[in-house]
Amino acid sequence: MNETSLLVSLPLIAALVAAAWPRAATITGVIATLGNAGLAVVLAIRIGQGGAEAEALGGWAAPLGIGFAADGLAALMLVMTALVGLGVSVQVAGAPLPDAGRTGQRTAFWPLWLATLGAMNALFLSADLFNLYVTFEILGLAAVGLTALSGTRTALRAAFDYLSAGLAGSLLLLLGVALAYATAGRVDLAVVPELAGSHEGRVALGLIFAGLAVKAALFPLHFWMPAAHSSAAPEASALLSALVVKAAIYVALRLSIEGGAAVELLRLVLAVAGAGAMLWGAWHALRADRLKLLVAHSTVAQVGLIALAIGLTTGARDGTIWRAAALLMLSHALAKAAMFLAVGRITEELGHDRISGLNREELRPGAAEFAFAIAAISLIGLPPTAGFVGKWLLLDGLIDRGAWPWVALVLLGTVLSAAYLARVVSRCLRGGPHVAPGARRPAWRAGDAAALGLATAALALGLASALPLTLLDATLT
Amino acid sequence: MIAFDLALAAGILLCAVSALTRRDRTASVAAFMVLGLLVALSWVRLAAPDVALAEAAIGAGLTGALFLRAARRLGPLRPAAGRTLAVPAALVASGLGGGLAWVFASASPPAIYAPLVAASLPESGVSNPVTAVLLNFRAWDTLLEIAVLVVALLVANLLGSRRLVPVSLGEMTLPFARIVAPISILLAGHLLWQGSSAPGGAFQAGAVLAGGLLALVLAGLAPTGTLVVRGALIAGLSGLAVFLIAALGSEALTGSLLGYPNRAEKVWIVAIEAALTLSIAATLCLLFTGFEKRKTS
């Protein structure tokens, strides 16, 4: 049996088992997440060696049927999802979410996460606009469930706002796909260059990009996101911030690559919105008083940076910039998931998540603070992390083109991200006279291991960035 | 016929305005349901009977029922604070709508998809092109749509929607339910079987079946134990399970995900649709009745 088929079907089967049999949910979820990681790695190795693969589902070639396109970019995203999923699963398996929802089901996380995983895998592999829309529907609803999981009043309100924003995004996306069908008579991804050639087609692509911008929380359509990501349980926030947002960004990148130079105006809008997001998110992160809110606003800024990179992608074949965007997505996913898990652990130890209260004399910094610091290094883009390699590629491509204003913007965004993350890291790196001699150390938990593991992965991928870059060479263009 | 079409269009607009402006939730939902029926009629006029059936059964019928249930839980409408925004919102919406209508009208689609479907229809195993697209050419879309329903069911379960406690609706309810329920089963079976050659299929059949089940629930004839709810939940999940197993099974047999074996396509399609019908009916029913037992009394 083919890995792609298993990647899209096994998580969904596991989700059904976990939902029908709550007692076995944890074990089912862990096994499925592990199996998914194995399959993703096997597929990535095969694509890295043998090149991109395409498959027509049911034997019906596009545009009649739906195609899967498993290329380097898709494989990188699959591995990214699998890694983040592993980390979060370790955390949830070690410490089940407290009284999830109102029914007291401690295992409700698993079916929702597995459905998210199945939908993400299907999305990365899909080569069909309408099929992408359907995967977004699963993803959006599952994400609403994940947001509501903690069951608090603020979480429920945030989940409802998430649902409303997600529906608006879906509507725009669906309108765009319908218009694409009305213009070109087909909806497979190969139609994108044709769409970019006509007036109506460009409107269709514009609607699709607008829908994606809502779903990716791209400034100025990000209004729903900080509340949702900061009021959900930390494990859910890690998934939402690291993965779910990436789905929309991935499709935007895919469409930009397919559309090439013809979607210039759309890409310019994307780049400007990205720059706006970088500054806006950073400004709010600098002013946030709660740790989770800071991390959520930093997602707005980082999504902006990635959107900027996608917007500045010129050609499909040559540019280093889209590779930079892909690497930035990967590093942001790992670092942000680590950061949210670390914040969850810090909050658990401190009993609150106010930034001003991070300096506590009777508590030594633990593994969670360490993980946060490594993740911050990767998000800022300091060597030797994956974030550094991504930013380096981006700046390299921009300097080659002489696009100095954009270089300045990226550097400004970097300085700002260093500034707001330093608010936390400087307090975490305290020691010496600030800590009382008898200060206790926080105990080890599964969450520490998960956060450290993910943060270390972000660090290690910087050293081994040849791996993802070779994989990206096998991308269909 | 042009007069009828114009009247239909005017009626649709009128219902939409009424649904948006009523100060009473129940009246709003009633206007929405009439809107759904009129839209279904317009689908008939557009020669899309499959969509018309789905719109009438799901868009007007079950969505309306879900809205009514939600309206009951929400209580009376409070005076809206954001009334001042109504005019700008209406302007933006009509501007956007007008622009889109213009773009859609100016698009002249090349005939690509319909000829492809027509050419491959004999190999699809069914003679209704809509079913051929939904269950064969683009079956993967349909599978994922069923997954959307499953996730909706899971989220509703997570949020712990309270279970419906039917109140007595008068003495005609019982005879009504006793007639409607068997008819809905016959009708669902008919729609399911007919779907392979004429308008019909799993979604429509499932919605009709759910309607019959709801008549039983509202008449107090349906069992309400925790085990029943659990069974219904598992029935709701089973459609996706059968579809996924069929997808992997067909890959084992033919080497292609959702590629049904030659000459057995119709058997596979009808079997999948039968499972989907039951599962869609159970899902829609559960979304209406809720899961959790009322805590007191």
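Predicted model: local features only at pLDDT ≥ 70, side-chain atom pairs only at ≥ 80, totals over all residues.

Trainee: What is the average pLDDT of chain A, and where is confidence lowest and highest?

Mentor: pLDDT is the predictor's confidence in each residue, from 0 to 100. Chain A averages 87, and 93% of its residues score at least 70. Helix α9 (residues 225-231) of chain A has the lowest confidence, at a mean of 81, and helix α4 (residues 109-125) of chain A the highest, at 95.

Trainee: How many helices and strands does chain B have?

Mentor: Helices (H or I, at least four residues) and strands (E, at least two) are DSSP runs, numbered from the N terminus. Chain B comes to 11 helices and 0 strands. Its C-alpha trace spans about 60 × 55 × 35 Å along the principal axes.

Trainee: Which domains does chain B have?

Mentor: Domain bounds come from an automatic or database domain assignment. For chain B that gives domain 1 (1-77), domain 2 (79-108) and domain 3 (113-297). The centres of domain 1 and domain 2 of chain B, taken over C-alpha atoms, are 19 Å apart.

Trainee: How many residues does the largest nonpolar core have?

Mentor: You need two ideas here. A residue is buried if 20 or more other C-beta atoms lie within 10 Å of its own, exposed if 12 or fewer, and partly exposed in between, with C-beta atoms placed from the backbone. A nonpolar core is a set of buried Ala, Val, Leu, Ile, Met, Phe, Trp, Tyr and Cys residues joined through C-beta atoms within 7 Å. The largest one here has 290 residues, and A338(A) and A375(A) have the most contacts inside it. Helix α13 (residues 321-350) of chain A gives the most to this core, with 20 residues. Domain 1 (1-77) and domain 3 (113-297) of chain B both give residues to this core, so it lies between them.

Trainee: Which residues is A338(A) in contact with, leaving aside its neighbours within four places in sequence?

Mentor: Two residues are in contact if their C-beta atoms, placed from the backbone, lie within 7 Å. On that basis, A338(A) is in contact with A371(A), A375(A), A451(A), L454(A), A455(A) and A458(A).

Trainee: And how many residues of chain B are in contact with chain A?

Mentor: 44 residues of chain B are in contact with 43 residues of chain A. Several helices of chain B each supply at least two residues of the side that touches chain A, among them α4 (86-106) and α10 (226-254). α7(B) gives the most to that side, with 13 residues. For classes, Ala, Val, Leu, Ile, Met, Phe, Trp, Tyr, Cys and Pro count as nonpolar, Asp, Glu, Lys and Arg as charged, and the others, Gly among them, as polar. The side of chain B that touches chain A has 33 nonpolar, 6 polar and 5 charged residues.

Trainee: How far does α7(B) reach, and why is it called largely enclosed?

Mentor: The expected span of a helix is 1.5 Å times one less than its number of residues. α7(B) has 21 residues and reaches 30 Å from its first C-alpha to its last, close to the 30 Å expected. Of those 21 residues, 19 are buried, so α7(B) is largely enclosed by the rest of the structure. After α7(B) comes G160(B), whose phi is positive, near 65°.

Trainee: Where is A47(B), and is it buried or exposed?

Mentor: A47(B) is in the loop between α2 (25-45) and α3 (49-74) of chain B. Phi of A47(B) is near 60°, a positive value in a residue other than glycine. A47(B) is exposed, with 8 other C-beta atoms within 10 Å.

Notes: Residues numbered from 1 in each chain as written. Chains lettered and ligands numbered in written order.
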